[in-house]
Amino acid sequence: MKKWPISLKLFAVTCLFLTLFLSAVQFVQLSWFEPYYKNKKMSEIKTALDTFKAQHYKSPGDFETLSQSFSPLEINYDAVVATADLKNPDNIVYDFGTNTPHIRLFLKIRNPDEAGMLSPERVQEMMLPDILNEELKSFLDDRKLYDEVTVQGRTVAYESDKMSPISRVVAISPLPAGGSAPRLLVAMLSLQPVGEAGTVLKDFYVYTLFVVILGILLLAWIYSRMISRPLVRLNHAALRMAELDFSVACDVRTEDEIGQLGRSLNSLSGNLQRTLGQLHEANEQLKRDIEKEKRLEQLRKEFVAGVSHELKTPISLIGGYAEGLRDNIAQGKARDEYLDVIVEETEKMSAIINDLLDLSQLEAMKYKLRLSDFPLNELVCSAARKYAVEAEKKAARLDVSVRLPDGGHAFVRADRLRIEQVLTNLLGNAVKHTPDGGRIEVVLRPEADGKWLVSVENEGEPIPEDDLPHIWDTFYKVEKSRTSEIGGTGIGLAIVRNILNLHESRFGAENLPGGVRFFFTLDAHAP
């Protein structure tokens with residue numbers, strides 16, 4: 001089934017409605033105008049006669065002078081008014097007003113010709129008494145009408161076409177005569193104007209029909225455009241919104257209900273756009289969280305495997321050397337070596353457990369820093385000396401560069417124990433990943449923003465760029481295959497990150513040509 005657009009529907013309905021309305025108005029006017037006019041005239045002339053009698057006819061003695069007051073009544077109603085004395089019905093005496101003693105009425109009548117057929121219309125001149133005689137004869141012959149006037153005392157008005165195809169209104173009202181012959185007040189007015197008006201209306205409607213129809217078509221087109229255009233725009237915007245495209249706006253600027261609907265739709269579109277954007281961001285964040293959780297789960301598994309491997313070796317060694325001591329396999333100096341191995345491996349397991357405890361406290365935000373003022377340069381040099389021996393084992397050179405003001409110190413306010421732990425982890429990683437014969441450099445220097453910068457740089461293979469953002473994550477280890485050879489659990493840098501975050505430090509790691517550099521900052525503090 002073909003769908004009509006709303007503009008065509010509005011146009012068709014409007015044209016049909018206006019055409020039917022115009023046709024109904026014309027039909028009512030042509031059908032009821034003339035009867036309505038006649039009834040109105042009869043009602044008005046009856047009321048006028050009754051009012052005239054109440055004002056001018058107080059007693060039968062006023063009959064002789066009554067005609068002197070006819071002039072306003074004749075002028076107002078364009079009528080002929082007379083009194084009639086019915087003392088002798090065959091010779092009725094009339095008394096006209098001062099304006100009409102010689103008035104003659106010209107009527108279009110048809111007389112039968114010799115063959116008994118009506119001849120064409122011709123104008124005949126007739127005297128008013130003749131016309132009134134004919135009207136009153138008809139009145140006298142109508143017994144019901146005569147009794148209504150003379151016996152019941154009512155004023156009557158009726159349409160008459162005696163002696164003429166042009167009808168007239170005749171109004172007759174009784175004049176009390178005090179027991180003598182009936183006296184009447186008669187008014188007669190022509191209905192020719194209303195007939196002519198009806199004819200003119202018919203001709204007028206024929207000529208104006210096409211103009212009115214064109215006006216209806218134009219009005220219907222404008223009306224349909226006014227209503228349908230904004231609705232089409234609203235529909236276009238709604239279709240775009242149905243396709244989840246909320247960028248389009250309804251360009252409807254009217255102040256009516258359609259304009260308000262357009263503004264509401266624009267507001268809805270904006271709210272949905274923002275909500276969809278928020279949902280998209282939340283969805284992306286959820287994806288990142290899920291990926292992070294998956295990665296953490298994988299890291300936990302790798303951590304468990306790594307810790308298991310780290311603990312398995314010392315436990316195996318401790319178990320083997322303990323069995324040797326129990327079985328008295330080693331004696332003297334060998335026994336002391338067995339004990340040294342057991343102690344050394346126990347310390348390794350203790351270090352791993354301590355790291356786990358530290359990380360647990362730091363990540364749970366339960367650890368509180370023990371702040372104090374101390375010279376950072378002394379702590380850096382002390383930590384470097386401890387790892388100088390480890391570097392010598394790999395024939396590596398460890399250089400320390402401390403840039404201080406003359407005779408001064410790099411005082412900071414921090415948790416000395418935890419900063420020492422940071423340096424220990426960074427230096428330990430540097431020594432582990434420096435190749436034999438390589439170089440390690442520790443630098444302490446002031447920054448322009450009132451901070452001290454500590455950097456640990458070592459020669460060796462760079463960290464893969466994909467791994468750089470994750471090296472601070474818990475349990476994360478770079479080059480898993482090589483980590484088992486180098487050692488480590490993947491929690492050292494996670495501890496460093498948490499400690500430095502508590503100190504609100506700026507820290508990071510970067511690849512250099514032929515090496516890797518780690519750095520962090522601490523606020524300078526006067527002692």
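Tutor: We can start with the whole chain and then turn to its core and a helix pair. This is a predicted model, where local features need pLDDT of at least 70, side-chain atom pairs count only at pLDDT 80 or more, and totals for chains, interfaces and linings use all residues. Residues are numbered from 1 along each chain as its sequence is written, and side-chain values use heavy atoms, with hydrogens and water left out.

Student: How many helices and strands are in the protein chain?

Tutor: The chain has 11 helices and 14 strands, taken as DSSP runs (helices H or I, at least four residues; strands E, at least two) numbered from the N terminus.

Student: And what share of the residues is buried?

Tutor: Of the 527 residues, 35% are buried, meaning under 20% relative accessible area with a 1.4 Å probe, protein chains only.

Student: Which residues have the most contacts inside the largest nonpolar core?

Tutor: Leu376, Phe518 and Phe520 do, in a core of 39 residues. Such a core is a set of buried Ala, Val, Leu, Ile, Met, Phe, Trp, Tyr and Cys residues joined through side-chain atoms within 4.5 Å. Elements supplying at least two residues each include α8 (376–393), α9 and α11.

Student: New topic: at what angle do the axes of α9 and α11 cross?

Tutor: Roughly 145°, and the axes come within 9 Å. Axes are lines fitted to C-alpha atoms, for helices over the stretch in contact, with angles from 0 to 180 degrees between N-to-C directions.

Student: Which residues of α9 meet α11 there?

Tutor: Among them are Arg418, Val422 and Leu426, which are in α9; contact means heavy atoms within 4.5 Å.

Definitions and conventions. Buried < 20%, exposed > 50% of the residue type's maximum accessible area, 1.4 Å probe, protein only.
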